[in-house]
Amino acid sequence: MAKPIRLPASDKEMRPDLRRADSDPQARYLKMTTQPIPKLIVSMAVPAICSQIVTSLYNIADTYFVGSIGTSATAAPGVAMPLLMIIQAVSLMLAMGAGSLAARQLGAREDEDANRTISTAFFLSVMIGTVIGAISLAVLEPIMVICGATETILPYACDYAFWIILATPFYSATFVLSAVVRQEGNVRLSVIGTVAGAVVNCVLDPILIFVFDLGIIGAAVATSLSQMVSFAILFSHMVSGKCVLKLGWRYFSPRWRVLWEIFKVGAPDLFRNGLLSVANILLNNAAGVYGDAPLAGMGIVTKIINVMVMVLMGFGQGYQPMCGYCFGAKLYGRVKEGLWFSLRVCLTAMTAMAAVSFLLAPEMIAVFRGDDPEVIDVGSRILRAHVVVLPMATVTIIANMLFQSCGRAIKSGMIALSRNGLVLIPTILYLPRVFHLDGVIWAQSVADLLTFVIALFMLIHELGRLRALERQALPDGAA
């Protein structure tokens, strides 16, 4: 295995202070390529997990407060979600593509190229987010009908989506900024931006919904303002020179080579979220046949499952920066060691969460709609169907993060296409016709199971490639 780079212990002047790694490229490089794997990943994963949990909890707070308005209002955010996922798909494509490329460029000591990469992605995200938002507002009501809004849900869905879309430019840019600072290893800054926005949202939700009597509009306005706060924090730090990467218009360089690399690596996120938006539209329409309760139940379960998945994503985000740096530095042994550590920890955590959620499903759904037995019943069935395959998501998500960080766009794209397109959409189209409401409930779980099998085979193949690269990187004559 390739040995990590170490500086002589006696040469203090040439050894960068790792405590200043947030702004010192050399210190950041040494931290990523020499620090023990468990300590390194956990140190970056814990803040990321906290950030993800806080984000998920403020989404749950939205659902909790909106749930007090009624079943139709509870279903509205879920109906509006496909439209928001289209915006998120483009933003994540730029964010993950630029973040992965910038991390590898930093690992290869190509700092100026990394600055051009993230600046190009940032300004494109603002431009594209603005255009998508303007088009969406012009035809909002027809879009909500297509997304599955019933006659009773439509007014709530339109009100919610309208105010969320107004913040689209900030929403899109925040994805890019957050991904960039995570990929350079500055997880703390990403957490500060996310947590600050979450706190603003949680404080404003009850004030705007109940005190100012704005109802679901209050929930949407609170969410939009929280996105603006997160953007302001991340943007101010990026332009102040406190990060390794530098953001500025002078670095904006929409050259084909840079755009292609960003798109190639980020395309899986575009496909995954774009196809998932289509799948959610189909799922909403399939569930809407059985009334507002299944739509409300799916919306609640989505928020609960997101908390668990975000824990997994947060840990994976602790692995990704180290993976990108070490792959760029040709330290393939560290890439594999980090992978196995991440898989062990995440599999244990997901199994425990799945078991608790399966046992307490009715109680968890009742927190949001305790006065609606129909929502509790169908929501419990949906939640249990999701958590029985949750441990398998460990392999799917961590493998996908490995592929992205190493620039394996085809493999990453195949996982995205399998879960949200090649597998999920056919299951949604077929299962409800045969099993009716049970088919709607189990469609996502069946897709997750089949995607796990695909991801496992691709992960085994990628490990073979890493072993081959590791042998090539050994000095001549090395064992």
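T168 is placed in helix α7 (residues 168-183), and its relative accessibility of 2% is under the 20% cut-off, so T168 counts as buried. The model is predicted. The protein chain has an average pLDDT of 86, and 92% of the residues score at least 70.

**Surroundings of T168**
- Leaving out residues up to four places away in sequence, T168 touches I87, G129 and G133.
- The side chain of T168 also reaches the backbone oxygen of I165, at 2.6 Å.
- S125 is 43 residues from T168 along the chain, and the C-alpha atoms of the two are separated by 9.8 Å.

**Helix α6**
- Helix α6 covers residues 154-165 and has 12 residues, which at 1.5 Å a residue should span 16 Å.
- The end C-alpha atoms of α6 are 16 Å apart, which agrees with that expectation.
- Buried residues in α6 include L154, A157, C158, Y160, A161, I164 and I165.

- T223 lies in helix α9 (residues 216-239) and is buried, with a relative accessible area of 10%.
- A polar atom of the T223 side chain lies 3.0 Å from the backbone oxygen of A219.
- Beyond four places in sequence, T223 touches D62, Y160, I164 and N201.
- A385 belongs to helix α14 (residues 373-387) and counts as buried at 0% relative accessibility.
- I441, W442 and S445 are in contact with A385, leaving aside its neighbours within four places in sequence.

**Nonpolar core**
- The largest nonpolar core has 141 residues, and those with the most contacts inside it are M144, M238, V335 and L402.
- Helix α11 (residues 292-328) supplies the largest share of this core, 21 residues.
- M238 touches I118, L177, V180, V181, C243, L245 and L247, not counting residues up to four places away in sequence.
- In soluble globular proteins, nonpolar side chains tend to be buried together.

**Salt bridges**
- The whole structure holds nine salt bridges.
- One of them joins R104 and E261, with the closest N and O atoms 3.5 Å apart.
- That pair links distant parts of the chain, 157 residues apart: R104 is in helix α3 (residues 71-107) and E261 in helix α10 (residues 256-288).
- R104 is buried, with a relative accessible area of 14%, and E261 is buried at 15%.
- R104, E261 and K264 are linked in a network of salt bridges.
- The side chains of E462 and K411 meet in a salt bridge at 2.8 Å, N to O.
- E462 lies in helix α18 (residues 437-473) and K411 in helix α16, so this pair ties together parts that are 51 residues apart in sequence.
- Both E462 and K411 are buried.
- D371 forms a salt bridge with R369, the closest N and O atoms being 3.5 Å apart; D371 is exposed at 59% relative accessible area, whereas R369 counts as buried at 9%.

**Confidence**
- Over residues 1-19 the pLDDT stays under 50, and the model has 29 contacts beyond four places in sequence for them.
- Where pLDDT is low, the predicted coordinates should not be read in detail.

Key:
Residues are numbered from 1 along each chain as its sequence is written. This is a predicted model: local features need pLDDT of at least 70, side-chain atom pairs count only at pLDDT 80 or more; totals for chains, interfaces and linings use all residues. Side-chain values use heavy atoms; hydrogens and water are left out. A nonpolar core is a set of buried Ala, Val, Leu, Ile, Met, Phe, Trp, Tyr and Cys residues joined through side-chain atoms within 4.5 Å. Buried means under 20% relative accessible area, exposed over 50%, partly exposed in between (1.4 Å probe, protein chains only). Helices (H or I, at least four residues) and strands (E, at least two) are DSSP runs, numbered from the N terminus. Contact means heavy atoms within 4.5 Å. A polar contact is a pair of N or O atoms within 3.5 Å; within protein, one must be able to donate a hydrogen and the other to accept it, and residues adjacent in sequence count only if both atoms are side-chain atoms. The expected span of a helix is 1.5 Å times one less than its number of residues. pLDDT is the predictor's confidence in each residue, from 0 to 100. A salt bridge is a side-chain nitrogen of Lys or Arg within 4 Å of a carboxyl oxygen of Asp or Glu.
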